[in-house]
Structure formats: structure tokens, C-alpha cells
Amino acid sequence: MSLHSTAAPLVNLASGGEHHGPYASINPYVTGGGALLVLLLLLWITTRFNRDR
């Protein structure tokens, strides 16, 4: 495996690439907002169970 054959796909991936895969339609803001909502929910649940402090 040469350096060029190893680096070419990495350069294509770093530049944005042409192939976005099957999940190209997922909005990153929706994904991030959903993750934030889940983490805040878990934080709230954790603080409800830890009332003795």
C-alpha cells in the first residue's frame, strides 16, 4: 500500500467528498438539538434522584 493510495481517500474525505452516504439528508442542527435535549433530560433525571445533597 503506497502513500498515495492511502492519502487519496483521506484527502477526498477531508475536502467534503462527493459521496455523502445514506444519511446526507439528516440536518446536523436537528441531530445536535436532539442530543442536547436528551442530555438535559438525563441531567434532570439524575438531579431528581439525588435529592439528599
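User: Which residue caps the N-terminal end of α2?
Analyst: Asn27 does. One of its side-chain oxygens lies 3.1 Å from the backbone nitrogen of Tyr29. Keep in mind that this is a predicted model.

User: How many residues does α2 have, and how far does α2 reach?
Analyst: α2 has 22 residues. From first C-alpha to last, α2 reaches 32 Å, close to the 32 Å expected at 1.5 Å a residue.

User: What share of the residues is buried?
Analyst: Buried residues make up 0% of the 53 in the chain. The chain exposes about 5300 Å², and carbon and sulfur atoms supply 69% of that area.

User: Which residues make the nonpolar surface patch?
Analyst: Val38, Leu39, Leu41, Leu42, Trp44, Ile45 and Phe49. The patch covers about 770 Å².

User: Where is Leu42 found?
Analyst: In helix α2, which runs over residues 28-49.

User: Why does Leu42 count as partly exposed?
Analyst: Because its relative accessibility is 47%.

Technical notes: Residues are numbered from 1 along each chain as its sequence is written. This is a predicted model: local features need pLDDT of at least 70, side-chain atom pairs count only at pLDDT 80 or more; totals for chains, interfaces and linings use all residues. Side-chain values use heavy atoms; hydrogens and water are left out. Buried means under 20% relative accessible area, exposed over 50%, partly exposed in between (1.4 Å probe, protein chains only). Accessible areas come from the Shrake-Rupley method with a 1.4 Å probe; for residues, only the protein chains shown count as cover. Patches are made of residues with over 30% relative accessible area and no salt bridge: like charges are joined within 9 Å, nonpolar side chains (Val, Leu, Ile, Met, Phe, Trp, Tyr) within 5 Å. A salt bridge is a side-chain nitrogen of Lys or Arg within 4 Å of a carboxyl oxygen of Asp or Glu. Helices (H or I, at least four residues) and strands (E, at least two) are DSSP runs, numbered from the N terminus. The expected span of a helix is 1.5 Å times one less than its number of residues. A polar contact is a pair of N or O atoms within 3.5 Å; within protein, one must be able to donate a hydrogen and the other to accept it, and residues adjacent in sequence count only if both atoms are side-chain atoms.
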